[in-house]
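Me: I want to learn how to read packing features from a model. Please take me through a case.

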Amino acid sequence: MRSTTLIVSFIISFGVIKAFANLISGQLADTWGRKRVLVLGWLVGLPVPFMIIWAPSWEWVIAANALLGINQGLAWSMTVIMKIDLVGPKSRGLAVGLNEFAGYLAVGVTAFLTGYLASRYGLRPVPIYLGIGYAVLGALLSILLVCDTRDHVRLEVSGHPQQFAPISFREVFALTSFRDRNLFAASQAGLVNNLNDGMSWGIFPLFFVSFGLSVERIGILKAIYPATWGILQIATGPMSDRWGRRGLIVAGMWVQAAGLFLTAATARFEWWIAGSLLLGLGTAMVYPSLIAAVSDASHPTWRARSLSVYRFWRDLGYAIGALSAGLIADSFGLSWAITSIAALTFLSGAVVAITMRETATHPRP
């Protein structure tokens with residue numbers, strides 16, 4: 001029997017590379033400008049679908065996922081940073097919610113379409129044609145339509161009540177990682193959120209296959225989670241602006257944990273649908289609220305770098321989740337891997353409840 005850890009190695013490579021691409025994206029955005037980094041990210045992503053179509057070995061798939069990690073780390077980071085540049089503090093949740101809605105709804109639709117195409121035409125090359133279209137369209141739109149947003153930041157800084165002396169990237173890294181209690185709480189929650197997401201990428205399909213589920217039904221389950229996550233962020237992003245970030249983050253982590261426990265404890269398709277819905281709901285509550293909370297706690301002059309550090313820790317969770325879940329699955333079984341990650345997700349929500357103070361500017365009491 002193949003090692004589960006080996007099977008999920010492509011997720012590990014993606015997570016590590018994306019995390020480090022995130023880490024440098026904020027510094028590059030402040031130095032080169034947001035648009036240049038966005039375009040660079042899309043150009044790096046162009047070879048990815050072709051590499052997967054023509055891959056003669058598993059190493060090619062891992063290399064393609066490494067390039068995809070760079071693409072995501074640069075391009076998606078810029079979409080988040082640019083939208084936050086464009087709105088004021090009262091609408092950060094709305095801006096992030098719309099951005100994440102568009103992205104993860106597309107992930108859900110694509111998961112469904114690729115599952116259907118794979119069941120009809122095989123794993124390669126037909127399902128990968130979607131990726132070619134996405135990569136080309138993303139690059140063209142970034143080059144032709146997107147404008148840089150650094151001038152918006154300069155305008156925001158000129159009217160900001162708190163004026164800070166310039167600080168180094170090392171200081172921003174320390175603040176975001178552990179020195180500021182709100183930024184620490186957000187960073188650890190982001191890491192655990194993507195840790196359970198990375199686990200679901202690699203372990204869920206193997207878990208469902210072990211019960212004899214078809215490729216098409218697995219595609220449906222894998223589509224429900226990101227589609228729910230994506231759609232509901234239209235509501236949860238603005239909710240975090242009106243009611244505050246902290247409560248949504250804590251409750252969202254605990255709802256995710258409930259979805260994971262339900263999935264591990266049951267053996268029926270209907271219950272797995274419910275678990276996927278809970279996982280999507282919880283992630284929708286957490287995802288835009290965390291990014292908005294980091295933006296709230298950062299000064300405009302180093303906000304892009306703080307977001308890049310937060311996204312470094314968050315997306316490192318993909319690799320840690322896939323690796324740890326793979327090792328647990330190899331030693332104790334797939335159900336134990338899912339249950340362990342569920343317990344860690346619940347604990348992370350408790351850390352936020354204890355550590356984080358409310359960051360929204362004018363939350364409704």
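Me: Which residues is Ser308 in contact with, leaving aside its neighbours within four places in sequence?

Reply: Contact means heavy atoms within 4.5 Å. With those neighbours left aside, Ser308 touches Asn22, Leu23, Ser25, Gly26 and Phe169. Ser308 belongs to helix 14. Helices (H or I, at least four residues) are DSSP runs, as are strands (E, at least two), and both are numbered from the N terminus. This is a predicted model: local features need pLDDT of at least 70, side-chain atom pairs count only at pLDDT 80 or more, and totals for chains, interfaces and linings use all residues. Residues are numbered from 1 along each chain as its sequence is written, and side-chain values use heavy atoms, with hydrogens and water left out.

Me: Is Ser308 buried or exposed?

Reply: Buried means under 20% relative accessible area, exposed over 50%, partly exposed in between (1.4 Å probe, protein chains only). Ser308 has 1% relative accessibility, so it counts as buried.

Me: How do I read the packing of helix 5 against helix 14?

Reply: Two packed helices are described by the angle between their axes and the distance between the axes. Axes are lines fitted to C-alpha atoms, for helices over the stretch in contact; angles run from 0 to 180 degrees between N-to-C directions. Here helix 5 (residues 58-86) and helix 14 have axes that come within 11 Å and cross at roughly 135°. Helix 5 is therefore oblique to helix 14. The classes are: under 35 degrees roughly parallel, over 145 roughly antiparallel, 65 to 115 roughly perpendicular, the rest oblique.

Me: Which residues meet there?

Reply: From helix 5, the list includes Gln72, Trp76 and Val80. From helix 14 come Arg303, Ala304, Leu307 and Arg311.

Me: How many aromatic pairs does the structure hold?

Reply: Rings of Phe, Tyr and Trp (its six-membered ring) pair if their centres lie within 6.5 Å; planes under 30 degrees apart count as stacked, over 60 as edge-to-face and the rest as tilted. The structure holds 17 such pairs. One of them, Phe173 with Phe312, is tilted, at 6.2 Å centre to centre and 50° between the planes. That pair links distant parts of the chain, 139 residues apart: Phe173 is in helix 9 (residues 169-179) and Phe312 in helix 14 (residues 303-332).

Me: How accessible are Phe173 and Phe312?

Reply: Phe173 is partly exposed, at 24% relative accessibility. Phe312 is buried, at 6%.

Me: Which residues do ring pairs link into a cluster?

Reply: Phe204, Phe207, Phe208, Phe211 and Trp272.
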